Amino acid sequence: MISEVTLEKSRQMYEKAKTLIPGGVSSPVRAIKPYPFYTASANGSKIKDLDGNEYIDYCLAYGPALLGHNHPVIKEAIKAQLDKGWLYGTPTELEVTLAEKIAGYYPSIDMLRFVSTGTEATMSALRLARGFTGRNKFIKIEGGFHGAHDAVLVKAGSGATTLGEPDSLGIPADFTKYTLQAPYNDIEAMSELVEKNRNELAAVIIEPVLGNIGPITPLPGYLEELRKLTLENDVLLIFDEVITGFRLAMGGAQEYFGVVPDMTTLGKIVGGGLPIGVFGGKREIMEMISPSGPVYQAGTFSGSPCSVAAGIAVLDYLEQEKIHEKVNSKGDYIRAVLAEIVEDEGLDYSVCGIASMFKIFFGAEPHNYQEALKCDKEGYLAFFHRMLASGVFLPPSQFETNFVSAAHSEEDIEKTLKAYTENL
Ligand code: PMP
């Protein structure tokens, strides 16, 4: 058991951090109450804090670490690149190599551009969709998260047909008035919204699996129907695969479900754990991007050599070692055992997920944002702390996905499942 006392160094660091960094953290999800553990190092499936406590990690940096932490193949690729310098401000062969690989896996991507984060990827993709179509509105899914830029930070839950309201101070309502919301897994509501707005609608942007309130998976036929609807109404379909890209399969959710969007955004895994984002799509759309076309987009760190070198290394390794078969079957096993535990304990919880994504919902299985909100959030948070005290680090919210990596051993998983049994 990890007690308060053994988190003393983290507590002290938090006291100092919060005088210098708002909330003591560099991104809000990290602000575990009453204070987060501060990480000293991570290796494989384990993450270690300043007090020397070690946890089995299912947060995995919120998704990028599909191979676990500190993977030697990625590390070697980064080291080799460091010897040649790590930022040039000129194009490189590396980015052409990675672009070719990505385009080979994603049928929706003829051309792509590298950026530094998923946020930049969706921001640029939406600007491009608007530039390409000459229309301003787009639809996002209630509860879908596409990063922290103005147009997508819109409170979910408002009626599907009402215009968006910003979810943060500092965003003028004018900046989000073109952002419409539709509930996930509801093709009727989506059809109504698309048809009503079709002449002003540039795109529908969607996480094919809702990873930021779940995982919540698409009902059979939903993504196919959405593809049909957007095609019939001449609206671009953007899959935000920042989480699902290279996670569900090499070709992401579009390969897994066999649905090809017009544009795709990627991030997380494709940089091997270094900062990266990608947006890509059909040639005629992508050629609208500056300097080929009139839609402006730029970045000092775009295509950063170490990120790209790490990306090439990780993609080659994933393919050679058939990593998806392995991690996806670990995910299947974890979900099956968790379902048994929930049943044995007689809990009205549900086990959700797909491939290497899993979660116990403290409530009935949700199919959309509104249903997800009905779960017992506080109960989940207390459970999170019990798991942490048992040496298992889950993302600290009911609404963040757990990930399993290639580095998780059978022993890790059995220890984790035992902790679930004891702490649920
Ligand atoms: N899209 C999705 C689906 C995401 O999950 C995230 C981040 N969790 C983003 C975009 C934003 O990516 P980043 O944090 O790299 O800006």
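This is a predicted model: local features need pLDDT of at least 70, side-chain atom pairs count only at pLDDT 80 or more; totals for chains, interfaces and linings use all residues.
How many Å separate the centres of domain 1 and domain 2, taken over C-alpha atoms?

**View 1. The protein chain is assigned two domains, domain 1 and domain 2.** Over C-alpha atoms, the centres of the two domains are separated by 25 Å. Domain 1 is written in two stretches of the chain, 4–70 and 322–423, while domain 2 covers 72–320.

View 2. In terms of contacts, 31 residues of domain 1 touch 34 residues of domain 2.

**View 3. A closer look at the meeting place shows 14 residue pairs in polar contact between domain 1 and domain 2.** Salt bridges between the two domains number zero. Four elements of domain 1 each bring at least two residues to the side that touches domain 2: helix H11 (323–344), strand E11 (350–354), strand E12 (357–361) and helix H12 (369–372). Strand E12 gives the most, with four residues. Sorted by class, this side of domain 1 has 17 nonpolar, 10 polar and four charged residues.

**View 4. The ligand sits among a set of residues that includes Thr 117, Gly 118 and Thr 119.** Also around the ligand are Phe 145, His 146, Gly 147, Glu 207, Asn 212, Asp 240, Val 242, Ile 243 and Lys 268. Look for the side chain of Thr 119, where an N or O atom lies 2.5 Å from an oxygen atom of the ligand. The side chain of Asp 240 has an N or O atom 2.7 Å from a ligand nitrogen. For the side chain of Lys 268, the distance from an N or O atom to a nitrogen atom of the ligand is 2.9 Å.

**View 5. Arg 135 and Asp 234 join their side chains in a salt bridge.** The N to O distance here is 3.2 Å, and the structure holds 11 salt bridges. This pair links distant parts of the chain, 99 residues apart. Arg 135 belongs to the loop between helix H4 (118–133) and strand E5 (137–141), and Asp 234 to the loop between helix H7 (222–232) and strand E8 (236–240).

Definitions and conventions
Residues are numbered from 1 along each chain as its sequence is written. Side-chain values use heavy atoms; hydrogens and water are left out. Domain bounds come from an automatic or database domain assignment. Contact means heavy atoms within 4.5 Å. A salt bridge is a side-chain nitrogen of Lys or Arg within 4 Å of a carboxyl oxygen of Asp or Glu. A polar contact is a pair of N or O atoms within 3.5 Å; within protein, one must be able to donate a hydrogen and the other to accept it, and residues adjacent in sequence count only if both atoms are side-chain atoms. Ala, Val, Leu, Ile, Met, Phe, Trp, Tyr, Cys and Pro count as nonpolar, Asp, Glu, Lys and Arg as charged, and the others, Gly among them, as polar. A residue is near a molecule or strand if one of its heavy atoms lies within 4 Å of it.
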